[in-house]
Structures are given as C-alpha cells and as structure tokens.
Amino acid sequence: MSPRAGNAGPHTLAFVESPVQLLNVLEWAHARAPGAELTLVVLSPVDPMTRGQLRRMAELARKEGHQVRWEEARGGATAPFRTVGGLTTALRRADRIVMGDPFSRYVQLLLTITRARDLVVVDDGTATMEFVTQLAHGERLVRWHRKGSRSGPRDLLFGPVSASARRRLTPARGRGVEVYSSMPIEDTPDGVTVTANDFAWTRARFGPPRITKGADMVGTSLVETGVVDGDRYLDAVRVLAKTHGATRYFAHRRESAEKLHRLAVETGLEIVRPDLPLELIARRGPIGRTVLSFPSTVVHTLPLALAGTEVRVAVCDIDPAWLTRSASPRASGFLSGVTDTARNAHRLSAVASTG
C-alpha cells in the first residue's frame, strides 16, 4: 500500500465507531478527497472484537497517510466529558466533518460544536437508508429496529441534542451535506448530494481472492438486537448450511459467544471471527463460490467488493414468523426492503425461507 501524496485541500475530521465505518471513510477519501488532510477519530467501543477490528483498520488508515486519533470514549463515567472537551478545538477548526453513524448520540453531540460547512455521512450499513428517509421526511432520527418503540427517559433527555443534529444534517445556505453510500437510496432530501461507493479502494488494495468450491455463510446480529428469535435463527442456519453445503460461518462482531457455540455444536459449521470487515476478508480470500446471507449490509457491499470474480451472493428472506414479540413494527418491512433492493441491484439469488 502506498500513502496518499500531499495534504492539500480542506481539513477533514472523521468520526468512526465501527470497523465498517472506518472502511467507508477510507473509500470516501480515496474517491472523493484524494490528498485531503484527514484526521480519523476513533470513538472506541468496549466490545473486544470490535476494538480489535478497529485497531487493524486504523493500521490500514495510517498506511494510507491519514492521521488516526484513538479515543477511549467509553472508558468510564467521565470519559465522554474528557473526549468531547479534548475534541472541541479540532471540531471548531475543521472545514469538513465525515461521520459513519448519524444516529450515534456521541456524533450528534459533537455536531452541536462544529462550525464545519461540509458534512459527509458514509455508510454504517443498511441504517443509512433509514437515515436518508427520515431526513427527507423531517422525522426524528431513530434506528430502524427501535422505530415504533416508546421513548425512554434518556431519549427524552437527549431530545434537544438529537433535534439540533438533525437540523445540522439538513442542507442549508452555506452548508452542504453529502451521503456516500453503496446502499440503494431513492428518497433523497432536497440539497443532499448522494455519491455511490463502489469499493474501488478495497478492490485496488486487495485480491483478487482465491475462490473455493464450497459455500460460506455470513452471520447477523438480528438475534442480539431483539429482532429475530434465537431458535428460529438457528433452525434457518442449519437448513441453509445443509442445503447449500456451507462449511464456514463468518460471525458478526456483535454475535454472542453463547449463540455461536450453539451454532457450532448443532450445525457443524466452522465459526470464523474475522479480524477485518467482511468486504476485506472476502476480497483477500479464500472465499466460497457461494456466500449465503440474511438481509444485511453485505448483500449490497459484497457484490461490489467482489466485482469481476465468480462469487455468487445469495440472500435469505426473513420469515415474519421468526420475529420476536418485541421487534419493532417497522422490522419486517425494512428487512424485506433490504432483500428486495439488493436482489434488484445485484441480481442476487433468493434463498427460500425455512419456515
């Protein structure tokens, strides 16, 4: 990998909280801001697997010539105050802010401090589609799996900050907003620029991969977020693995150790905990000729990262019967939309639901 040349252009401050967000900042910088002075601020979570992937991604960012600032943003009760206080000067000096999760309370708080005229939102998965829709309709910023649920005391307390962030993310005279995304975005707010992310940086830096004859499965955190019943999910994985001859299961970084242990014992799948986002893992290879997934970000991103290869991505619909009683009323429609738009955009093969 060769570092980018020069530090021309406006000073850009990017905030990321997940490995995928960091990857998409690198994609944005490669395509939209070559040579820009970019400082990547990692608002580190506490989850060990996520932290490990972020460390690896931070190494790649440094090799690209970017500055990386690691913040222990959740290291105790006083951490948020230290983090925000330490970033205030940089926020006020930045000409452009790039963020991976506009739903993040941390990011929303930081947006109330910055004077930057250019704001960029890069993908944090399928939630980007929901963000753009909510922005277009002037709605409160709420994650899709919580939409329709009652607001808690913390939501009400944070309400003014969230409302201020939504106003900042609405284009106005002298302030531009860009969404850099690989997701299908149709309901675009007036004044918002949408730019397609085709994973050019990933394809330039990695691969092409060695392709194996078998199939691989991609895990999801829908059980952990309370959307899908755990037993139903395990049954679906078992049937899919048997039907398609899958041998490996790439775990989502938020999947619980208990669930993964059950999957390994009851399905015989080899559980793989990736040390990088799956787009990079797949591009490096080896990867199965068929990749099986439930509705998630990867059904949109993997076909782009693996463009030019013979890998086939197949997506399995989520049967409404799999949803938990506590799942948001929005969940079924949103997940169906993720599947449908991905199939149309990338001609993905549908995998029949398993009852």
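Guide: By class, six nonpolar, two polar and two charged residues make up the lining of the largest cavity. The model is predicted: local features need pLDDT of at least 70, side-chain atom pairs count only at pLDDT 80 or more, and totals for chains, interfaces and linings use all residues. Residues are numbered from 1 along each chain as its sequence is written, and side-chain values use heavy atoms, leaving out hydrogens and water.

Visitor: What makes a residue count as nonpolar, charged or polar?

Guide: Ala, Val, Leu, Ile, Met, Phe, Trp, Tyr, Cys and Pro are nonpolar, Asp, Glu, Lys and Arg are charged, and the others, Gly among them, are polar. The lining includes Phe 103, Asp 101 and Gly 100, so these count as nonpolar, charged and polar in turn.

Visitor: Why is a space called a cavity and not a pocket?

Guide: On a 1 Å grid over the protein atoms alone, a 1.4 Å probe fits in a cavity but cannot get out, while a pocket is an open set of points with protein on both sides within 12 Å along at least five of seven lines; lining residues have an atom within 4 Å of a point. The structure holds one cavity of 30 Å³ or more. H5 gives the most to the lining of the largest cavity, with three residues.

Visitor: How much space lies in the second largest pocket, and which residues are nearest its centre?

Guide: The second largest pocket has about 210 Å³ of space. Its lining has 14 residues, and Met 129, Thr 133, Pro 184, Glu 186 and Thr 341 lie nearest the centre. H12 supplies the largest share of that lining, five residues. The classes there are six nonpolar, four polar and four charged.

Visitor: Why is Glu 255 called buried?

Guide: Glu 255 has a relative accessible area of 3%. Buried means under 20% (exposed is over 50%, partly exposed in between, with a 1.4 Å probe and protein chains only), so Glu 255 qualifies.

Visitor: What does the side chain of Glu 255 make with the side chain of Lys 259?

Guide: The two side chains make a polar contact at 2.8 Å. The term needs a pair of N or O atoms within 3.5 Å; within protein, one must be able to donate a hydrogen and the other to accept it, and residues adjacent in sequence count only if both atoms are side-chain atoms. The distance of 2.8 Å therefore falls within the limit. The Glu 255 side chain also reaches the backbone nitrogen of His 252 at 2.7 Å.

Key:
Points joined across faces, edges and corners; volume = space filled by probe spheres on them. Helix = DSSP H or I, 4+ residues; strand = E, 2+ residues; numbered from the N terminus.
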